[in-house]
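Open the model in your viewer and keep the sequence panel beside it.

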Amino acid sequence: KLIAQLKCAGPGEDLVETGGVFALTGPTGVGKTTTTAKLAARCAVKHGASSLGLISTDTYRIGAQDQLRVFGKILGVPVHAVHDALGLEQTLAQMRDKHLVLVDTIGLGQRDERVPEGITMLDACGVRRLVLLAATSQIETLEDVVTAYGADRATGIEPAGVIVTKIDEAARLGGTLDVLLRHRLAVHYVGNGQRVPEDLQSPD
């Protein structure tokens, strides 16, 4: 019964296959940059490096963009840093011919007052949001993250779904499943390690 209620993205909803513009959102330490690299590598292999666009909005953490730039350099894809909505809008306009554009966002604690502003910026630019949930987090923390990074308070726009990370590090998955079931969030991928791009699976 639990399996029947768990909402998973279908085969026709694979980001690498369908393409589009997606932002990976969530608090610090959930694996946004690593997951971005995993998806980017798969896109580059499947469709070629020229089909991929990479953007970073993390201008706060020291070295945050460097990590993504290393992955981008390996793939032969430049990483564009943006600081505000105008910069994001202009950069996306330059990438309108790309099959897949991935936006690696700044990691903000779910109670940070800047979270709603960042969500509204993404929604205003037509970027679909994916919320990353770390399976190692307590259920109360996961609940807070879903609440903070869920529907845009200004527009009511819901996230496109979630990516569950760090299931290889979690002692139990009950809390994660509880939150996914109650909020009816579509699971797009499951992260189970640090290897790029191997440790990212479609939900089964």
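Which residue forms a salt bridge with Asp 123, and how far apart are the closest N and O atoms? Select Arg 129: the closest N and O atoms of this pair are 2.9 Å apart. A salt bridge here is a side-chain nitrogen of Lys or Arg within 4 Å of a carboxyl oxygen of Asp or Glu.

Before going on, note that this is a predicted model: local features need pLDDT of at least 70, side-chain atom pairs count only at pLDDT 80 or more, and totals for chains, interfaces and linings use all residues. Residues are numbered from 1 along each chain as its sequence is written, and side-chain values use heavy atoms, with hydrogens and water left out.

**Stop 1: the charged pairs**

Stay on the first pair and show the surface. Asp 123 is buried, with a relative accessible area of 11%. Arg 129 is buried too, at 1%. Buried means under 20% relative accessible area, exposed means over 50%, and partly exposed lies in between (1.4 Å probe, protein chains only).

The whole structure holds five salt bridges. Select Arg 182 and Glu 143 for another of them: their closest N and O atoms are 2.6 Å apart. This pair links distant parts of the chain, with Arg 182 in helix H8 (residues 174-183) and Glu 143 in helix H7 (residues 139-149), 39 residues apart. Helices (H or I, at least four residues) and strands (E, at least two) are DSSP runs, numbered from the N terminus.

Arg 182 is partly exposed at 47%, Asp 178 is partly exposed at 29%, and Glu 143 is partly exposed at 22%.

**Stop 2: the buried residues of H7**

Keep H7 selected. Which of its residues are buried? They are Leu 142, Val 145, Val 146, Ala 148 and Tyr 149. What covers them includes strand S1 (20-25), helix H6 (115-124), strand S5 (128-134) and H8.

**Stop 3: the nonpolar cores**

A nonpolar core is a set of buried Ala, Val, Leu, Ile, Met, Phe, Trp, Tyr and Cys residues joined through side-chain atoms within 4.5 Å. The largest one has 21 residues. Select Leu 39, Leu 52, Leu 54, Leu 102, Ile 163 and Tyr 189, which have the most contacts inside it. Elements that each supply at least two residues of this core include helix H3 (32-47), strand S2 (52-56) and strand S4 (100-104). A second, separate core has 20 residues, among them Leu 142, Ala 170, Leu 180 and Val 187.

Centre on Leu 52. Contact means heavy atoms within 4.5 Å. Leaving aside neighbours within four places in sequence, Leu 52 is in contact with Ala 40, Cys 43, Leu 75, Val 77, Lys 98, Leu 100 and Leu 102.

Cys 43 is buried, at 0% relative accessible area. Cys 8 is partly exposed, at 33%. How many disulfides are there? The count comes to zero, where a disulfide is a pair of cysteine sulfur atoms within 2.5 Å.

**Stop 4: the whole chain**

Zoom out. The chain has eight helices and eight strands. Its C-alpha atoms fill a box of roughly 45 × 35 × 30 Å, taken along the principal axes. Of the 204 residues, 47% count as buried. Among contacts with a separation of 6 or more, 76% come from residues 24 or more positions apart.

**Stop 5: two exposed points**

Select Gly 76, in the loop between helix H4 (64-75) and strand S3 (79-81). Gly 76 is exposed, at 54%.

End on Gln 94, in helix H5 (residues 85-94). Gln 94 is exposed, at 58%. Gly 53 is 41 residues away along the chain, and the C-alpha atoms of Gln 94 and Gly 53 are separated by 9.6 Å.
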